[in-house]
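Subject: Structure handover

Hello,

Here is the structure for your files. My notes on it follow below.

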Amino acid sequence: MENCACNTCDAATKKLYEKAKSERIDTIWDRALAMQPQCGFGEMGLCCTNCSMGPCRIVKISEDGPKAGICGATEDTITSRNFARAVAAGAAAHSDHGRDIALALYHAGDKTRIRNEEKLFKIAGEWGITVEGKDTVQIAREMAERALGEFGKVFGKLQFLQRAPEKRIKLWDELGVAPGAIDREIVEVLHSTHMGCDADYRNIIRQAIRAALSDGWGGSMIGTELSDVLFGTPMPKKVEANLGVLKKECVNIVVHGHDPTLSEAIVLASRDPELLELARKQGAEGINVVGMCCTGNEIAMRQGIPMAGDFFQQELAIVTGAVEAMIVDVQCIMPSLATVAKCYHTKLITTSPKAKIPGAIHIEFNEQKSLEIARRIVKDAVMNFKNRKVEVFIPDDKSEGRIGYSFEAIIKALDRVTNSFAHPSGTVKPLVDAIKSGVLRGAAAIVGCNNHRQPHNTCHVTLAKELLKRDIIVVTTGCGAHACIKAGLMDKDARKYCGKGLATVCELLDIPPVLHMGSCVDISRILVLLSEVAKYMGVDISDLPVAAAAPEWMSEKAQSIGLYAVASGVYVILGVPPAVTGSENVTGYLTKGLESVLGGRFEIENDPVEAAAKIAAHVENRRKRLGI
Amino acid sequence: MTLFDIIFTGSRQALEAAKATVAAAVEKKGSDARVAFPETAYSLPTIYAATGKKIGSLGELRDALSIVESLIVPEQNLEKALNAGLATALSAEIIEACKYAVEEKPYSEPCAGFISDAVIRSLGVPLVTGDIPGVAVVLGEAPSAEEAAKIIKGYQNKGLLVFLVGKIIDQAIEGKVKMGLELRVIPLGYDVTSVIHVVTVAIRAALIFGAVPPGNLEELLKYTKERVPAFVNALGSLSGLVVSAGAGAIALGFPVITDQDVQEVPHYLIVQKDYDKIVPTSLEARGIKIKITEVPIPVGFAAAFEGERVRKED
Ligand code: SF4
Ligand code: SF4
């Protein structure tokens, strides 16, 4: 498979890439190729377009090129500003997602639409919302209002920061990076990176850190927590993954994007007997909803809906010729989908006023009429079944795995090894014991996207396997999770990749060695887990033998995630360098300097085998420091 | 020291002790002297099951030391720690074998020492039927004879087979625990190494009833883990040697429950400081469910008493 231009380790991807080629359809890989060579100034972050005196660029390769922008901004200023803006954009994407979930909760209206009252009450308790004498809907509404307040409140710090270990909270306060209102932090980055504002790269990164923290401990966490309240907290379940989950005889609907409000409604609508009957009348055997990217993760985690594929597979899903409708909302939706869909019968349906695509059908979704709109969309898909044009080709590649590992589900799994006469239940103690005793050496998160600069999925999968054999348990989200499940790493059988310690843990807990914790906003679940472990051990997150990696990252969201992880004390390996390499100072600050400030830092390493070795070394170093 | 380091150190100590014991035995009897446990067809059962090799002489026993050595690789992971635990078991067997090579009758009342094949065969059926729901290995020293008796009788009452190692034997006697094979309480010996005599019970069960081929360590460990419902209670202060022997038990799939402060290992190494809870903690840890409902009469009433003749005057 190495010789394939699409450079993937996934068989379905390769087959469909070849089908696309033969049908002369350009996909991400072809466009990436056409883009070569990419601009070195941009790659290194040395290009600034922040005002109309620019664009300016700093020339590094020769002595006589400009060393400052027209305004005098240096390479340090320009690269850090670019980076900060990327982080702000990422934080904005996650946060806006979180806000939409809060709005959905606000409009939930009746009790049946709140599927997890227990969590509602739990968060209410945490936030000091009194529940006595109020009904569920009232509490939900109050919570939603409070959550919405987090985006723009005038005073105070973010609610969820309280979940962090005490030492971390203190450190943030001392450094002045504890975020206030989410939107405020994002705006502040945009302000201070405006021409003629902040020129001090350290200070610019400090602002970016506040914005990033307002994502991880704000927007993303609100998104996750309130999604659980609305749609239920994920619990372990089996799902199928990869493009082989499309069904030739069924109406195939791919939901793609991020917000579960839409995808959950589509899932519900697809089970409507009337629509099922309609599908049968059209000659289909049923309606097959499958998920892509993060919204795919959301409905897989909660409903067991098959995970059709990751970021790089979105065009290929359409290339099967079997997709009646691809329904998208926001984020990571390639505009090229419209072009690809045109070659088939597939209807590309955009639903968010925040993300329209020329050439797509736009059916605007709103939380208040969610089911009604979802029904209409599903009906459109059903009626499109008979319009299939080309010969359908669905690769027979799919794999199965156990997913649904929310923080709550992990605690529940851990309870399996507590002894009811000797231990408390409902705590992270067994995990802490496994780590302290050395049975598990540590834990690592593999998150992030796909990127043509890295062989598709290979980096996720290789890194995971390398960690497993070293008894480092892996948690994953986002497209990393798609890669891992496709490679069979969420199957029981994956124990064969594990060292004895991890294999034993998997057997005792009845879990796979790679735990799917959800979508990209669900990285907040990892923060919660880390916090609980740190608190249990009486240490800070930066003391834990843990690490994170985004081996194939591409989005601005990933940069925000990376930075809030670092700011939370985590060692983060990036498989693709961010566009800061034009400044040695900024690169050095992110990859070294930050550690003495925050306890976490970035590392740039594109080779997954090397990355695993570095993570293992970091984990052992932390163990030594802890004396375990 | 990390838990694994304690294990590695203990295993090294056991190996050194084994080396010294073998050297002394060779010194005394010569390397051709015969080595055998009484009434067994399985030579030195642990070494035989693990390697497929039968040991006949002290010279061969000396050669076996290198196998033990090779199992001690002080890398920080569970696999190596468990291997080191197995190494300790092998060292213990070597030391115990030397006792039998050097002395005519190394064990005497009340201690049983090596358990014969015949006894194991007789235990096979009740183990399979669940009439013996589990095997408790109690080693070390309880805080008092009273506590010791309470724990031992707790198991005896439920029909478990109990092996005693160390000072707990005297405590059991003091606590008026009725002992003997038919009462399912068997004192093995006072040295830690005599714990191997219960290990070989499990191992021979795998060879005899499980038809595990000698030399297939993986299958052996699978059998003991899945089929021999044993666990260990390590009471009183824990030396590195005991901890590494505990790792050996864990390698066989047997959880260790202790009253001491150690780093717990989920499921396998459990701290229970409340002596009244040691029995239920242990049974739960090994997943042992008692078939017979306990009858609350003053005399322990269970299968363990089946073999006891009730004398008229009682
Ligand atoms: S802000 Fe400065 S460096 Fe950037 S484009 Fe304007 S003049 Fe050039
Ligand atoms: S992992 Fe990256 S590509 Fe995948 S959905 Fe998340 S942000 Fe998009």
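Asp198(A) sits in the loop that links α8 (182-192) and α9 (201-231) of chain A; helices (H or I, at least four residues) are DSSP runs, numbered from the N terminus. This is a predicted model, in which local features need pLDDT of at least 70 and side-chain atom pairs count only at pLDDT 80 or more, while totals for chains, interfaces and linings use all residues. Residues are numbered from 1 along each chain as its sequence is written, chains are lettered from A and ligands numbered from 1 in the order in which they are written, and side-chain values use heavy atoms, with hydrogens and water left out.

Asp198(A) counts as buried, because its relative accessibility is 12% (buried means under 20% relative accessible area, with a 1.4 Å probe and protein chains only). Leaving aside residues up to four places away in sequence, Asp198(A) is in contact with Thr77(A), Arg81(A), Ser192(A), Asn203(A), Ile204(A) and Gln207(A), where contact means heavy atoms within 4.5 Å. The Asp198(A) side chain also reaches the backbone nitrogen of Asp200(A), at 3.1 Å.

The other item is a helix pair. The axes (lines fitted to C-alpha atoms over the stretch in contact) of α12 (residues 293-303) and α19 (residues 478-486), both of chain A, come within 8 Å and cross at roughly 70°. α12(A) and α19(A) are therefore roughly perpendicular (65 to 115 degrees). On the α12(A) side, Cys293(A), Cys294(A) and Asn297(A) take part; they meet Gly478(A), Cys479(A), Ala481(A) and His482(A) of α19(A).

Regards

How values were computed: Axes are lines fitted to C-alpha atoms, for helices over the stretch in contact, and angles run from 0 to 180 degrees between N-to-C directions. Helices (H or I, at least four residues) and strands (E, at least two) are DSSP runs, numbered from the N terminus. Angles under 35 degrees count as roughly parallel, over 145 as roughly antiparallel, 65 to 115 as roughly perpendicular and the rest as oblique. Buried means under 20% relative accessible area, exposed over 50%, partly exposed in between (1.4 Å probe, protein chains only). A polar contact is a pair of N or O atoms within 3.5 Å; within protein, one must be able to donate a hydrogen and the other to accept it, and residues adjacent in sequence count only if both atoms are side-chain atoms.
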